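Trainee: Could you take me through the salt bridges in this one? I'd like a close look at who pairs with whom and where the partners sit.

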Amino acid sequence: MMGEDARDQQVVDRLREALQDEARTVVPAGDGLSRIQQRVAARRFRLRWRRPALALAAAAAVAGVVIGGIAIAGGGGDQSLNTKPLGSPTANPPVRLATFPADAIFPFTSTAAEAQWEQQDYPNGHMPWVASPEGVATSWVTGYLKQPSIDHVTTQQHSGDAATVTLGRTPPGTASPTAVTTVHLVRYRNAWLVTGATDPANQLQLTAPAQGALATSPVTVGGPGFGVDESVTAQVRDAATPQLLGHAQVAAGSGGPWSTTVSFAPSSHRVGVVVAIAGSAIDGKPARLVAEQVHFRPAPVSAGPPASGSVVYGVTDGRLAAFNASSGQVSRYLTAPNAGQLSDPQLVGDRVYFRQAAGGCGGDGLMSVSISDQSPTVTAVAHPAAGYKLTGYAVSADGNDIALVEEACDPQATSPQGRIVAFDQQTQQQHAIAFPSYPPAPIADPSWEPDGRHIDVFVRTGMQGELARYDAFAANSWSDSTPACQGFDEAGGLPQAVRVDGAGTLWIAAQTGTAMQVTRCAAGKPTVAFSVPGNGTPTDLAVTGNGSHVLLTDANGGVWRWDGNGAASRISGLTLPAATW
């Protein structure tokens, strides 16, 4: 027979779930969301004390005696409250799970990362979606897994500190969404964490590698066969960033198990994700998606170029070349002579990207060449749209996302006058942010944030401007931005170039009138890294992935090197309009 405590607990649980379901239908405006979250956190605390009180009242009615001053444990994660007196709330909500879940994938993979959000972001209303299983599931699938079409919540289930959220999309010719993936989540403190995803129809499954296994390249990915004419794309991803490390495609409908090997790039992070996606016969987009956590042996993070013998890449005599950073001498050429007008080199991974102008409107393009090949071959990456010329670009750290800054060749005949066009090479998604007339205009190159979703760029509005951050695949107009560095003001000078390093720190090269000043901005707070006295004008900025080394190029071709401490030094014998490393 069910005891009084169990029935009381059941009533409380059902009441809480009903209230939560009703609350999810309300969309607050302004600062309402953060205020509601604070009230909910306080209400959860009070409910935890009401459960023991209800149990006490029931026990008193049965025994016919009054029991006071004793706190009876509710169960499980609430036992930490047993010794705390009534009416004495804590600053932070009690831990729901004893330890951080080892199989967490997103949005946090460590106690430290969750604690930072809990203590700094959540109380100020930042990233409120982390406290919602639906918000976390949707953000993970649409943003980090780069599947923007899978954005409909079809079903959801909550049971204590566990939840499942099934997401789907609406295929062409259908009226309602079809379930594609069921995201599994657990709650730690106030955060909901993704631990994996399964196929709602239980057809697409992963049997290799094992959940949480150590994955080394190449890794075998496989599962049981299903369907008749099925194809599966297997991916290896970094859990800390939306970085695709490797992928492979294999047939899965032959009747037997499917299996493939995926070679993937090294990661500097410990936690990764293996994802399997089966495409739809209707439009080729995902019909089923499953995922599980794996672990990597973290690759050592480069400390940047060594003090001597490092390599700088730039354009000289019309050719892309590698230079010795100490002597400034050319060590090798990466392009053939007379290949057109080359400019704006950027090193991403093992490839140097650059702009190549072949003459005439639209005759330019974004190219790349491998620094590893003994006989480098130039590869075309992207071209501006008809009627536009290429004036700037950015490539994400994994080489998957491209952003082109396009300016109309004839502003009278082409509208808008400028655009920032983002392109996801994996999903083939393309999106443009319009600049109807100049100014306002994007200046120099933009730079991708580590999430592969946002770009930072300096937008000139006349004699001044703003450091703007855009959702590259959602913003439509130049005004659809947020500040990229809230604390940066005119005292920091007029920005001429920006870069974002692997940690998400924004670096800004500005002209103050008395110096070229390089500022790093983390969490909206700017700090001067170094200055080069004089009236020089910055033209280009290159930063190593961990932000330890910087190259600054001025309008006279001077290349300045900063190694993380002290003053910057000019590289003798090196005169380049732009440089990278």
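Mentor: Here's a walk through the salt bridges, pair by pair. Bear in mind that this is a predicted model, where local features need pLDDT of at least 70 and side-chain atom pairs count only at pLDDT 80 or more, while totals for chains, interfaces and linings use all residues. Residues are numbered from 1 along each chain as its sequence is written, and side-chain values use heavy atoms, with hydrogens and water left out.

A search of the whole structure turns up 14 salt bridges (a side-chain nitrogen of Lys or Arg within 4 Å of a carboxyl oxygen of Asp or Glu). One of them joins aspartate 344 to arginine 355, with the closest N and O atoms 3.5 Å apart. Aspartate 344 lies in strand 14 (residues 341-348) and arginine 355 in strand 15 (residues 351-357), so the pair ties together parts 11 residues apart in sequence. Strands here are DSSP runs (E, at least two residues), numbered from the N terminus. Aspartate 344 counts as buried, at 9% relative accessibility (buried is under 20% relative accessible area, exposed over 50%, partly exposed in between, with a 1.4 Å probe and protein chains only).

Next, aspartate 445 pairs with arginine 499, closest N and O atoms 3.7 Å apart. That links distant parts of the chain, strand 22 (residues 441-448) and strand 26 (residues 494-500), 54 residues apart. Both aspartate 445 and arginine 499 are buried.

Then glutamate 449 bridges to arginine 469 at 2.9 Å between the closest N and O atoms. Glutamate 449 is buried, at 11%, whereas arginine 469 is partly exposed, at 22%.

Notes
Helix = DSSP H or I, 4+ residues; strand = E, 2+ residues; numbered from the N terminus.
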